[in-house]
Amino acid sequence: MNKRFSTLVAAFAAIATVSYAQIGDKYVHLKSSNNYLQWDKASLADSVALNTLGATKADMDSALWKANLVRVNMPGNDSIYTLTNKATQKQLSFSAKLNGADEFGTAIAAGISEFKIKHNGSGYNIIGTTTDGKLVEMAQTSGSLMVDGKTNKAGATGTVAIFTVEAADADYDVTKEDLAPVLPSFKFDFAGRDGGLFTANELIPVPVTVSGATKFRFQVVGQENSTKGTKAPQYITIDTVMVGTAASVKAASFQLDTTVTATSSAYKGALNEGLQTFTLKMDLGNDSIVMTTDSIVRFNTAGEFEVADHGAGAGFTYLVGYKSFDGSAKLVVDSIQINAPLITISKGTPVKLAGGTGVYSLQLKAKGGNPNAANNDKYLTGTSATYAEAASVYVPSTQFYVKENEDGTYSAQARDVVSATVSSGVATGSNGESLAVVAPEQPFTNQPLYAVDADKNIYTTVGGDTLVFTKLDVDMANKHIGYKYYTKEEMGYGAVKFNLASKAADDIYLTLVQDSVIAGAKGVDKAVELRLMEGADLATVGDTIYYGAQALGDTLVRVAYAMEKAYNAEGRFAYEGAVVKLTSSTNGAVNENQKRFFFAENPVGGSYKVVAANENAAKMVTMNISNLTVTYDTPTASVETYFNIEGAEAPVYAKVDAGHYNVVNGSEMLTASAGIAKMLRVGDELKAAAADSDFSLYVDSAYVNRGDDNTEYGYYIYKGAEVKNDTIVGNVLAAKGDFVANNATGDSAIFRGVTVVADTIAYTGDLDKDGKQNEYKVRDAKNTSLVGFKVVDGEGYEIVALNAKKSLAVVNGTVIFSNTVAPQVFTLGATEAPTANEDVEVSEVTVIAGNGNVTVAGAQGKKVVISNILGQTVANTVIASDNATIAAPQGVVVVAVEGEEAVKAIVK
């Protein structure tokens, strides 16, 4: 074997300091007793330690160092070096400051990076200098650092480490992973010289075990198989054609050939396996390789060849190297007078990802011995060892944010874990919400990419999987991707309903059946409408989750919502066992996070599965389309249930700007008469004082400071309001007293004297037992004035007393709040504020259609004519009382009251 590969690198000489020439240009071990100075990446921060030497190349590389001369200090002739670690290619460097333990720690940090390597008789000390001139030396105990011979600030002493220099292993057995750690192929580099088949193209290493030793065959990329016969694999093989013409110089070069498994005339009755099998030994000092064979083709003086096939070696070693023929060097194999080349491995050139920084799916391409081969062609997810059949722009757990770093390397992190929920790592946010942060998988960090097939977007990293990178058209502005998200505004005035997303069942909605159980029903009119809530009022676990590739600056957030019937106290949407129902907030059998749900998007987009906030398996709200039962369970036959979530854009309760309005129903408007709420009309004959007949009502928010979490649109309707800052004095619409008439029940609608200050309301004359004024908060049950304008699509609003859950209605001319009478539908018309001396004409005549009759109120002594739609008179009479009922046929009739405009009514 060539002497160059068996000679140790010159060690540090036994002089005061080491000279650069004595160190050489190879990596060496720095050994203290039986331990080696090593770069340690086991902890979060890189550091150094004194440990025993591992057996793998990676272990040995981490314990190899190269001294690089920086300068020679005068006086003293001290040579100053930096020490570079072979595995990391980073310099040894320590902080110049004491750490929290008052020690100079072994963590790699900026500070002391230049060292004097000083001989002390039996070895060498590695000495760094702090900015204040103190000497920092490696200690023998646990690899800690010392300052002035002391291990810490308290003055504890230790033994300064003495290092000896040990050459790297120059006879290391090369492995397949050493040759091709990244790609399936690699290239030899013969120090820039022509290596024939060995350097013309990339090679595929094929390990071969011979008598327990690992050797290699090499296929040439692009010529892996023979073009003849069965097209069997072919390998670099020692040729039977002689190189050279001079009688004194004969040697064999190389060819491509298949493996001969039976005696062949091509090799004069010999086999050729030994001619295709190479032994590789590496000098870890510089990773140079010596390539030998156990067999050879020899030539006699006549140029005839013979095969010397020695199989396992048996002491025969032939070197691949250069010989000169006719003035030029040729790569051959021989045992004498051969010049061994400097052979190194070219491990591929990093490439740029065509799509640059962005969101990608990563599809696994794993073959052969890859432990993940069973998942070949599946997609990586944000949960370790979990693969998906497909990636989606709507499923963030199948998306990876890939970032191109400034140095050309790449980092990647998934945008979500597979589960929507978390069971640990939950904290309480500043607003009381239960927060959790998930950390999806990072398949590679700060790694170069190597092209396996750039045209097909197939790349790999050092030691990583081979992956297909497909850039996804993802809206990066969407910070809630994969989940339905509602703003505070949408939650405040919106309600949702759930339509089954299924081709097998059309127009099916979640509905409410007996015992508050949720089921399916056909028709949107059967849909249960639910209001969304989220915030500090619910003590749930992990209802607000931060996800995304946060390590790379891509932060996303999803929220679990509670749902209740809009402004109704029937309970919250929840599951109890497998039953989905509306349940009371005081039901101890149901945890709060069983009343909180994420809406996770379908991989094809547009519809959502409903998953509880405490879910840690694969359960969800499921529907059986054969009988429309709804359960919270694992999907049958893995068929997940998805819903179209409808209605969020259409408000249930409207937002109304503060101001003066006419509250109108047909030709009548809401006003006050002697403190009673009435529906009246402006007329030509009836005159009334301004205080009783003013139709201009002031509408204002019930909240002075609603806050970010308060999105409810609740209002007060005033008559004659005086507004000063956050105080309003006037008369407010309110419910008071019981009303019963013709099976209609409710509360009389009145206008009460009131003073509203900020978020409290005080009714005039409403005193406690001690004679003090009662004050009520907005949502206090005794506050009967809080109303909302419930939207009636295309028509107007119902006016709903939000604390009593009753709507404004009219029975026999009396205005009431009721939940047993059909509510009136109103429109709001902006108007001017009333003036103090303004008179308006008001008609107090009311016409109410009933079952087979018409009731006329407020027309005593007046003539009333009722006609059908054909103009035929069906009644003509003078009203003798203030509330008269007149028989009338079913259908549309026209009622004309003396002095009033005729009106139409529908008689049932």
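The model is predicted, with local features requiring pLDDT of at least 70, side-chain atom pairs counted only at pLDDT 80 or more, and totals for chains, interfaces and linings using all residues. Residues are numbered from 1 along each chain as its sequence is written, and side-chain values use heavy atoms, with hydrogens and water left out.

Strand β27 (residues 400-404) takes part in two antiparallel pairings. Strands here are DSSP runs (E, at least two residues), numbered from the N terminus, and two strands are taken to pair if DSSP finds at least two bridges between them. Strand β24 (residues 358-364) pairs with β27 in the antiparallel sense over three bridges; within this pairing, F400 of β27 is the bridge partner of Y360. Antiparallel pairing also joins β27 to strand β28 (residues 410-414), here over five bridges, with K403 standing opposite S411 of β28. A hairpin is formed by β27 and β28, with five residues between the two strands. In its turn, G408 has a positive phi of about 90°.

Positive phi values also occur at two aspartates. D287, although not a glycine, has a positive phi of about 60°; this residue is placed in the loop that links β17 (278-283) to β18 (288-293). For D507, likewise not a glycine, phi is positive at about 60°. The loop holding D507 runs between β35 (495-500) and β36 (508-512). With a relative accessible area of 28%, D507 is partly exposed, a class lying between buried (under 20%) and exposed (over 50%), as computed with a 1.4 Å probe on protein chains only.

Terms used: Helix = DSSP H or I, 4+ residues; strand = E, 2+ residues; numbered from the N terminus.
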